[in-house]
Amino acid sequence: MRSAFASTKLKTQIWPDFIAHFKSETTKASYQSDVDEIMDYIEKDFLDIEEEDADRYFRWMKDKIKKGGLHSSTLSKKCRELHSLAEFICENREKYEMSVNFQDTYAKYLPYVSKQEKQAKSVPVKDIDRLLHVTRNDIMAYCMIVFMYRAGLSSTELCNLKTDDFVIYENGMFATVKGRREMCYIPKDLETVLYQYLKDRERKLIKMEKNCTFLFFNKRGNPLNTMYISRLLKKYTDRAGVPNYSAQSIRNTCAFTMASYGATGAQTAKQLGITTTQIARYNGMAYRDNYGQKSANDLVHIHVLPPDETK
């Protein structure tokens, strides 16, 4: 990396791992240029950049757009790339021994920049409907798609979900999601689908004579990986006759939908951060939802039916 503010950890550990999956040298150069730019502007290592620093950089970019020195699509690209690196670091927090203070401060800008590319980057509701239709006999796939679409979870977060991550408070169901500071609100329609999946999940584990703490698992009873989810989506998008949407595209649609119904950037960003009897219940106690995730998600007038009601 070119920036003098880049730390040894960023240059020698995180960055090589992050760009390892990029096949194009052009892509690598684009990411490096934008990461170097924000470090030079803020005069800090990427790992030390805080929310107020990112806000200052974002205002600087918007000012350049107003003055004609930058195209809005370029800002979209920069924000997505910075978000991608920050998300990668958060997802691998333990590996790189990162403090909990480091957060993906760029996710909250996605609803703003995504307005420029909404049709290209989000999944139309009619295609979501087709996906749900073709997965109605595969309750696990159906449930995972609803988690992406209604709760904004990434494929990595889905793989890491465990059965004891869910808690019911007086104001609804929430989930502890690995790498997030705040609990994630589970909308009521997703909660209904989840309960249906849990019944099927329990039957399968009994039949397999297996125990598994992870919410989702493969045919051998082992936890999933992101490649499994990618192949699953490829299978069902082909079957539905829709474009080969990625998990990220479906997740982005959650943000677009919430923003279109009036959720704030902070609310949207935070939403994006067993058996029935095993879900802990805290009767009479409301979860302290600091970012209004429940109220923001409740704005959305779209509700997914469980698969047995879509047939």
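Here is a quick briefing on the pocket, a few helices and some loop residues of this model.

The model is predicted, so local features need pLDDT of at least 70 and side-chain atom pairs count only at pLDDT 80 or more, while totals for chains, interfaces and linings use all residues. Residues are numbered from 1 along each chain as its sequence is written, and side-chain values use heavy atoms, with hydrogens and water left out. Helices here are DSSP runs (H or I, at least four residues), numbered from the N terminus. Buried stands for under 20% relative accessible area, exposed for over 50%, and partly exposed for anything in between (1.4 Å probe, protein chains only).

**The largest pocket**

- The largest pocket comes in at a volume of about 1,100 Å³. A pocket is an open set of points on a 1 Å grid over the protein atoms alone, where a 1.4 Å probe fits and protein lies on both sides within 12 Å along at least five of seven lines. Grid points are joined across faces, edges and corners, and the volume is the space filled by probe spheres set on the points.
- Its lining counts 29 residues, and His 21, Ser 84, Glu 87, Ser 246 and Gln 248 are the ones nearest the centre. To count as lining, a residue needs an atom within 4 Å of a point.
- At least two lining residues come from each of α4 (72–91), α9 (155–160), α11 (226–240) and α12 (247–260).
- Sorted by class, the lining has 14 polar, nine nonpolar and six charged residues. Nonpolar covers Ala, Val, Leu, Ile, Met, Phe, Trp, Tyr, Cys and Pro; charged covers Asp, Glu, Lys and Arg; the others, Gly among them, are polar.
- Glu 87 sits in helix α4 and is buried, with a relative accessible area of 14%. Gln 103 is 16 residues away from Glu 87 in sequence, and their C-alpha atoms are 8.0 Å apart.

**Helix α1**

- The expected span is 1.5 Å times one less than the number of residues.
- Leu 10, Ile 14, Trp 15, Phe 18 and Ile 19 are the buried set in α1. They cover an arc of only 115° around the axis, so they fall on the same side of α1. The arc is taken over the directions from the helix axis to the C-beta atoms.
- Thr 8 and Thr 12 are exposed on the face of α1 turned away from its buried side.
- As background, an α-helix has 3.6 residues a turn, so residues three or four places apart point the same way.

**Helix α3**

- Helix α3 (residues 51–66) runs for 16 residues and reaches 23 Å from first C-alpha to last, close to the 22 Å expected at 1.5 Å a residue.
- Asp 53, Ala 54, Tyr 57, Phe 58 and Met 61 are buried in α3. Their arc around the axis is only 135°, which puts them on the same side of α3.
- Arg 59 and Lys 66 are exposed on the other side of α3.
- Just after α3 comes Gly 68, with a positive phi of about 85°.

**Helix α8**

- α8 is mostly covered, with 13 of its 13 residues buried.
- Gly 152 follows α8 and has a positive phi, near 75°.

**Cysteines**

- The structure has zero disulfides, counting as a disulfide any pair of cysteine sulfur atoms within 2.5 Å.
- Cys 143 is buried at a relative accessible area of 0%, and Cys 184 is buried at 0% too.

**Loop residues**

- Glu 97 is not a glycine, yet its phi is positive at about 55°. Glu 97 lies in the loop between α4 and α5 (110–114) and is exposed, with a relative accessible area of 68%.
- Glu 209 also has a positive phi, near 55°, without being a glycine. Glu 209 belongs to the loop between α10 (188–208) and α11 and is exposed at 74% relative accessible area.
- Pro 223 is in the loop between α10 and α11 and is partly exposed, at 38% relative accessible area. Pro 223 and Lys 162 are 61 residues apart along the chain, with 9.6 Å between their C-alpha atoms.
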